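Hi,

Here is the structure I promised to pass on to you. Have a look at it first, and then read my notes below.

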Amino acid sequence: MWCQRLRLLTKGKTLFAPSNSLPTYKVFSLGNDRISTTQLAMGREGQERVDNTMKMNPKVDKIQELIRSNPKGGWEKCWEEGLTPWDLGQPTPVILHLLQTDAFPKGRALVPGCGSGHDVFAIASPERYVVGLEISEIAVKKANELYSSLPNANYFAFLKEDFFTWHPTELFDLIIDYTFFCAIEPSMRSAWASQVRDILKPDGELITIIFPISDHVGGPPYKVSVADYEEVLHPLGFKAIYMADNELVIGPRKGREKLGRWKRYLGQSLL
């Protein structure tokens with residue numbers, strides 16, 4: 001677990017009780033009942049995972065080998081073997097910040113490639129129903145084990161689905177993409193953008209944490225840039241309403257991430 005223990009979510013009480021000896025990040029209240037700001041501790045194991053994310057090492061090589069040999073089943077194998085360096089072991093700090101500053105749209109939200117579900121759990125509330133999508137059955141099981149018994153469990157769901165072929169019954173007000181765009185083959189990025197367009201409400205918002213911005217060859221994770229997103233989103237009428245370096249990035253990801261917020265201007269191509 002990424003915190004020392006969990007408390008029941010009740011008004012006026014903290015949700016997390018972390019160890020004071022570990023690195024900490026600010027966290028916020030959930031739902032309509034505001035609770036006092038506390039600290040979220042990231043365990044040493046989580047930090048080690050982050051530190052190893054972009055280093056070329058046997059684990060990364062193994063992930064790439066598994067995905068190349070079996071693009072869909074390879075992700076399941078990664079979870080089975082514990083090869084998940086993208087998993088911070090906690091909600092993403094910049095996501096926590098956006099929520100704390102009330103910068104998220106209300107309504108329905110989607111997190112494709114949600115992994116262990118940390119961000120799904122963090123932003124779910126009576127005002128925001130969140131769907132976490134995963135192609136890995138093991139990841140969905142882990143997410144449910146971590147979070148399905150917690151007080152806000154009525155406000156989120158984890159589904160095993162293929163993002164590219166999934167047809168939700170309702171559209172979304174918000175889609176958050178982090179370590180998903182970079183995980184898919186670059187040839188699939190146009191299909192990613194089309195699916196985002198199709199399942200996002202006309203006035204909805206797409207939030208992208210753009211990572212890894214680098215010059216490395218191969219993947220996953222594949223190198224990305226703002227231009228890569230613009231290339232597939234602009235033809236569909238999406239425009240970045242905000243783009244900046246992610247100042248809350250963890251460890252060696254600093255300087256490799258940007259936060260982008262996108263809105264769609266109907267009937268317009270921005271090419």
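This is a predicted model, and its protein chain averages a pLDDT (the predictor's confidence in each residue, from 0 to 100) of 81, with 77% of the residues scoring at least 70. Please take care with residues 1-55: the pLDDT there is below 50, and the stretch has 133 contacts in the model beyond near neighbours in sequence. Contact here means heavy atoms within 4.5 Å.

A word on conventions. Residues are numbered from 1 along each chain as its sequence is written, and side-chain values use heavy atoms, leaving out hydrogens and water. As the model is predicted, local features need pLDDT of at least 70 and side-chain atom pairs count only at pLDDT 80 or more, while totals for chains, interfaces and linings use all residues.

Now the overall picture. The protein chain has eight helices and nine strands (DSSP runs, H or I of at least four residues for helices and E of at least two for strands, numbered from the N terminus). Of its 271 residues, 52% count as buried, meaning under 20% relative accessible area with a 1.4 Å probe, protein chains only. Among contacts in the chain with a separation of 6 or more, 65% come from residues 24 or more positions apart.

Helix α7 (residues 189-199) packs with helix α8 (residues 226-233) at an angle of about 60 degrees, their axes 9 Å apart. Axes are lines fitted to C-alpha atoms over the stretch in contact, and angles run from 0 to 180 degrees between N-to-C directions. On the α7 side, the contact is made by Arg189, Ser190, Trp192 and Ala193, and on the α8 side by Asp228, Tyr229, Val232 and Leu233.

Best wishes

Note on methods: Buried means under 20% relative accessible area, exposed over 50%, partly exposed in between (1.4 Å probe, protein chains only).
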